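This report describes the fold of one protein chain. Please keep the sequence and the model at hand while reading.

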Amino acid sequence: MSAQHEAGVATTTHRVVILGAGYAGLSAAIQLASRVDKRSEKVRVTLVNAQERFTERLRLHMTATGQRLAELSIPELLEGTGAHFERGWVTAVDADAKTVRIDDERVLPYDTLVYALGGMADTAAVPGVEDHAYTLNSAQDAEVLADRLSRLGSGTVAVVGSGLTGVEAAAEIAERHPELTVVLLGRGEPGAAMNPKARAYLRSALDRLGVRVRSGAEVVKVLPGAVELAGGESVAADAVLWTSGTRVSPLAAAAGLTVDERGRVVTDATLRSVSHPEVYAVGDAAAIRQGYGVMHGTCQGGMPTGVHAAVSIVRELRGKRPKPFRFGYYHTPVSLGRNDAVVQFTHPDDSPRRLHLTGRVAVRYKETVTASPWPTWGRMKKMPASGAFWPRGGRFTRVREA
Ligand SMILES: Cc1cc2nc3c(=O)[nH]c(=O)nc-3n(C[C@H](O)[C@H](O)[C@H](O)COP(=O)(O)OP(=O)(O)OC[C@H]3O[C@@H](n4cnc5c(N)ncnc54)[C@H](O)[C@@H]3O)c2cc1C
């Protein structure tokens, strides 16, 4: 830590650089900047992101069907906290020199780094995806798909990946574009992790919207105008949306940070990199182990990781040890177009409970959750401790030490 305290007042500035202003990175920036005592602690918080506009990833299937989202400016979201915003594309992290390179030209030094660059669908795993498929990996990618769908007239859209992103996208496209045939292709059954009733509801909603579900399908190649399945069958498609698999930025691995097989930064119990303790990793970019296994990428878990990293940095600045991070899942809300949804309540290890919501109640629940980051961040600015409320997972997360 570079901030030295003399009679309770820091004499040097501690530089915290946060990479990525998604749900996790913004939570870290707002929480940290709001918690720092600006009279006695010299801490400079800089949040770096490729775009100035916040990407609402949870709504990218809406962007892909031409629906306009709110304009959320990252500098405005940071207003009043004292955190600085730096727009640019991070091109390298030098973990020895403790610097970050932006747009290949600017260099930002750090004392503590928060790595929050998120994740995306894996477009490298299957040949042809990079060249012929659309993705929801960024707002721009979703807009390109929206443009294509609006000009198709009629035809077939193949959505590959029967995970929740694939389900939400297939339902949204079918509802917005009834002139198109939507085929949902994936290895597993849609809603496979839900209880049987919730899963059946989800399936009947897809049927009602006209989505043709093909489970047990392994896509091995994407071609112009078709996808090829294992076994040789080809499914004609005028547009292919790829939602399958996950991959992350290669920057952490290139910097020499310890990463897992997917490239995610492996953290200790407090969310610090196991190889570089001055680096915290949060959100989808981090491999965070809990008692039930490594967390999977969600907003519900990502925001708490950002808050926890911020709280830990403040603790370290004040000469205290950071505490272990604990998190238990509590729900899986899934939109099925704008007029239907299903919400599966879960045990902390993400296994389904019996309780679930459907229909209008579920639509309202899902919308409330999706819109909740702004009030959460607003409250955090005034009352930082309010950000630290999330389910710790009870007995499911008690056993752990990195
Ligand atoms: C269509 C869709 C629906 C989803 N629905 C849900 C849901 O209902 N519930 C749920 O919990 N989760 C949902 N998810 C998953 C959720 O969006 C992610 O888990 C969440 O966004 C992770 O947050 P994050 O902050 O780690 O990363 P992100 O939100 O992805 O943020 C990462 C940020 O880093 C920036 N960035 C990346 N690389 C660079 C670079 N080199 N230089 C500069 N900036 C960079 C990106 O532009 C982005 O702003 C959904 C995802 C999708 C795609």
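Across which strands does helix α5 lie? Helix α5 (residues 139–152) lies across β11, β12 (180–186) and β17, and runs at about 150° to β17. This is a predicted model: local features need pLDDT of at least 70, side-chain atom pairs count only at pLDDT 80 or more, and totals for chains, interfaces and linings use all residues. Residues are numbered from 1 along each chain as its sequence is written. Helices (H or I, at least four residues) and strands (E, at least two) are DSSP runs, numbered from the N terminus. Axes are lines fitted to C-alpha atoms, for helices over the stretch in contact, and angles run from 0 to 180 degrees between N-to-C directions.

**The annotated span**

The UniProt record, an unreviewed entry, annotates residues 15–294 as "domain: FAD/NAD(P)-binding". UniProt positions are given in the numbering used here, feature names are shortened, and annotations may be inferred rather than shown by experiment. The end C-alpha atoms of residues 15–294 lie 30 Å apart. The span is 25% helix and 29% strand.

**The parallel sheet**

Four strands form an open sheet in the order β13-β12-β11-β17, with parallel pairing. Two strands pair if DSSP finds at least two bridges between them. The edge strands are β13 (212–215) and β17 (239–242), and each pairs on one side only. Neighbouring strands are turned by 20° against each other on average, direction ignored. Strand β11 (residues 155–160) runs parallel to β17, joined by four bridges. Ala 158 stands opposite Val 240 in β17.

**The antiparallel sheet**

Three strands make up another open sheet, ordered β14-β15-β16, with antiparallel pairing. β14 (219–223) and β16 (234–236) stand at the edges with a single partner strand each, so one side of each is left without a neighbour in the sheet. The twist averages 20° from one strand to the next.

β14 is joined to β15 (residues 226–229) by four bridges. Leu 223 stands opposite Ala 226 in β15, and Val 222 has Val 227 as its bridge partner there. β15 and β16 pair over three bridges. Here the bridge partner of Ala 226 is Ala 236 in β16.

Both links are hairpins with a glycine at positive phi:

| Hairpin | Residues between strands | Glycine | Phi |
|---|---|---|---|
| β14 and β15 | two residues | Gly 225 | near 90° |
| β15 and β16 | four residues | Gly 231 | near 105° |

**Helix α1 and its partners**

How do the axes of α1 and α11 cross? Helix α1 (residues 23–35) and helix α11 (residues 373–382) have axes that come within 9 Å and cross at roughly 15°. That makes α1 roughly parallel to α11 (angles under 35 degrees count as such). The crossing is right-handed, meaning that the near helix is turned clockwise from the far one by less than a right angle. Tyr 23, Leu 26, Ile 30, Gln 31 and Ser 34 in α1 meet Pro 373, Trp 377, Met 380 and Lys 381 in α11. Two residues are in contact if their C-beta atoms, placed from the backbone, lie within 7 Å. The residues of this contact divide into six nonpolar, two polar and one charged. Ala, Val, Leu, Ile, Met, Phe, Trp, Tyr, Cys and Pro count as nonpolar, Asp, Glu, Lys and Arg as charged, and the others, Gly among them, as polar.

Helix α9 (residues 299–317) also packs against α1. Their axes come within 7 Å and cross at roughly 30°, which makes α1 roughly parallel to α9. This crossing is right-handed. The α1 side of the contact includes Tyr 23 and Gln 31, and the α9 side includes Cys 299 and Val 314. By class, the contact has 12 nonpolar, six polar and one charged residues.

Note on methods:
Parallel < 35°, antiparallel > 145°, perpendicular 65-115°, else oblique.
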